[in-house]
Amino acid sequence: MPNMTRTISNGSIMLALRLGLSAPPYSRKNAVIIETVGRKSGKVRRTPVGYADDGDRIIVVAEQGPKADYVRNARAREGRLRVFHAGAWKDATLRLLDGDAEPYLQCMSARHASFVRRFGTDLRAVEITLS
């Protein structure tokens, strides 16, 4: 997807999520907005992602694994980021998990998991722990 199209699409999705609306393949129940600070630009970057709730942590499957920009940005700041979750911004930390991401995809909405499998190049589970 070209950058301009992705920017417009992500902006629309994030607005819908912040308003509590669905924006397929996401809904407020299966998506969060991740906010990081660009490791080179220093600008705030926001990305909508689907997740699986695993008790006191959020599990995201990064489509490009450790090369995903939000993962690289968070890791450059010792894993620190913010997450828009359950209607509010919260401080959090991120860490890559070892092992197969498929069990986590099976806990996510089928539509979102299908999208991740189709467009992902290096699927890796990411743990986000809310502060």
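In which strand does glutamate 35 lie? Glutamate 35 is part of strand S1. The model is predicted. It holds eight salt bridges, and those described below include two made by glutamate 35, with arginine 46 and with arginine 82.

**Strand S1 and its partners**
- Strand S1 spans residues 31-37, and six of its seven residues are buried, so the strand is largely enclosed by the rest of the structure.
- S1 runs antiparallel to S2, and seven bridges join the two.
- Six residues separate S1 from S2 in a hairpin, and in the turn glycine 42 has a positive phi of about 75 degrees.
- S1 is also antiparallel to strand S5 (residues 80-85), to which three bridges join it.
- Isoleucine 33 stands opposite proline 48 in S2 and opposite phenylalanine 84 in S5.

- Glutamate 35 has a relative accessible area of 10% and is buried, because buried means under 20%.
- Beyond its neighbours within four places in sequence, glutamate 35 is in contact with Val44, Arg45, Arg46, Leu81, Arg82 and Trp89.
- In the salt bridge between glutamate 35 and arginine 46, the closest N and O atoms are 2.6 Å apart.
- That pair links distant parts of the chain, with glutamate 35 in strand S1 and arginine 46 in strand S2, 11 residues apart.
- Arginine 46 counts as partly exposed, at 34% relative accessibility.
- The salt bridge between glutamate 35 and arginine 82 also has its closest N and O atoms 2.6 Å apart.
- Arginine 82 lies in strand S5 and glutamate 35 in strand S1, so this pair ties together parts that are 47 residues apart in sequence.
- Arginine 82 is partly exposed, with a relative accessible area of 28%.

- Glutamate 102 and arginine 117 meet through their side chains in a salt bridge of 2.6 Å, N to O.
- Glutamate 102 belongs to helix H3 and arginine 117 to helix H4, so the pair ties together parts that are 15 residues apart in sequence.
- Glutamate 102 is partly exposed at 23% relative accessibility, and arginine 117 is partly exposed with a relative accessible area of 36%.
- Elsewhere, salt bridges with shared partners join Glu35, Arg46 and Arg82 into one network.

**Helix H4**
- Helix H4 covers residues 110-119, and His112, Ala113 and Val116 are buried in it.
- Seen down the axis of H4, these buried residues fall within an arc of 100 degrees, so they line one face of the helix.
- The face turned away from the buried side carries the exposed residues Ala110, Arg111 and Arg118.
- Strand S2 (44-50), strand S4 (57-62) and helix H3 (102-105) are among the elements that cover the buried residues of H4.

Note on methods. Residues numbered from 1 in each chain as written. Predicted model: local features only at pLDDT ≥ 70, side-chain atom pairs only at ≥ 80, totals over all residues. Heavy atoms only, no water. Buried < 20%, exposed > 50% of the residue type's maximum accessible area, 1.4 Å probe, protein only. Helix = DSSP H or I, 4+ residues; strand = E, 2+ residues; numbered from the N terminus. Arc of directions from axis to C-beta. Contact = heavy atoms within 4.5 Å. Pairing = 2+ DSSP bridges. Salt bridge = Lys/Arg side-chain N within 4 Å of Asp/Glu carboxyl O.
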